[in-house]
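Keep the structure open as you read.

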Amino acid sequence: MSKKVPYLFLLTGTIIVLFFMIIPLLTSLFPTFFTEGQLSLNQYIQFFKDPYNQSVLIRTIRISVIVMIVCVFLGIPTAYFIAGVDKKWKGLLMAMTLFPLLTNSVIRSFAWINILGKNGIINSLLMKMHLIDQPMNLLYSEFAIIIGSVYLFLPTMIMTLVGVMESIEPEMLEAAETLGAHPFTAFRKIILPLSIPGAIVGSILVFTGTLTAYTTPQLLGGNQKMVLSTLLYQKANTLGDWTQASILAFIMIVTTLFVMSGLNWLAKKADRRVEQHA
């Protein structure tokens, strides 16, 4: 009986995923591949022919990639610092890192509205310093979405990298410095290559989260800077066009899978290079 327990758990999980994820997803996507009862990709072709849809898709991918890159560049040194401090300070720093995740995304976005708005902190400060004559249009822009998304997903990248950094033996850095390597050189040659697996996992989480996020792009970008998630919401809930919404959902899934495959390929290539140099 005990040998059958794992299979029972596996069967239960499979049934839940099948009935509550796979079947609803296929039910939503199935009509998108038919036009007037005939199997066709015409709806996808028409979608990609639309210049507005093209601009939304390109904007979404561009924002997601920029957020991912910024989170990697900020996350690696931050995680390295947290991993290297004493245990009594590490818990505090980890808590401070996780604190933004404990706040509702709507509240966080409204905070950035107060910071980036025309009467916000940044514009008020710059005008008082006489650096600008009139408020800058920081809000409802790609810049605002990127800032809000980085603030939203940077803790995820840091937490992913801290675990990887902690597994790196400090003796390796000590050996490199003993042999005359500069601390920055040791970081670039040792820490950076060994942290790539964590950076890849964090990049996947950040890219996927940014690509599918709705609240932050809606509040900070508005209808002027539409992304796939906000366009999907508009098609489904405002216009009632569930077929177009399903097409958008399928495009988001395919884009995510394509990026995940590319990042996994880069991770394997980086692992091979590390093994060759080891």
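## Terms and model

A pocket here is an open set of grid points with protein on both sides within 12 Å along at least five of seven lines; its lining residues have an atom within 4 Å of a point. Helices are DSSP runs of at least four residues, numbered from the N terminus. The model is predicted.

## The second largest pocket

The second largest pocket has a volume of about 200 Å³. Which residues line the second largest pocket? They are Tyr80, Ala83, Gly84, Met165, Glu166, Ile168, Glu169, Pro170, Leu173 and Ile191. Seven of the lining residues are nonpolar, one is polar and two are charged.

Three helices each supply at least two lining residues: α3 (51-84), α7 (142-166) and α8 (170-178). The top contributor is α3, with three residues.

## The annotated domain

An unreviewed UniProt entry annotates residues 57-263 as "domain: ABC transmembrane type-1". Over residues 57-263, the chain is 79% helix and 0% strand. The end C-alpha atoms of that stretch are 20 Å apart.

## How α7 packs with α10

Back to α7, one of the helices that supply the pocket lining. How do the axes of α7 and α10 cross? The axes of α7 and helix α10 (residues 196-212) come within 8 Å and cross at roughly 160°. Angles over 145 degrees count as roughly antiparallel, so α7 is roughly antiparallel to α10. The crossing of this pair, α7 and α10, is right-handed.

Conventions. Residues numbered from 1 in each chain as written. Predicted model: local features only at pLDDT ≥ 70, side-chain atom pairs only at ≥ 80, totals over all residues. Heavy atoms only, no water. 1 Å grid on protein atoms, 1.4 Å probe; cavity = no way out; pocket = protein on both sides within 12 Å on 5 of 7 lines; lining within 4 Å. Points joined across faces, edges and corners; volume = space filled by probe spheres on them. Nonpolar A, V, L, I, M, F, W, Y, C, P; charged D, E, K, R; others polar. UniProt positions renumbered as here; feature names shortened; annotations may be inferred. Axes fitted to C-alpha atoms, helices over the stretch in contact; angles between N-to-C directions. Parallel < 35°, antiparallel > 145°, perpendicular 65-115°, else oblique. Left-handed = near helix turned anticlockwise from the far one by under 90°.
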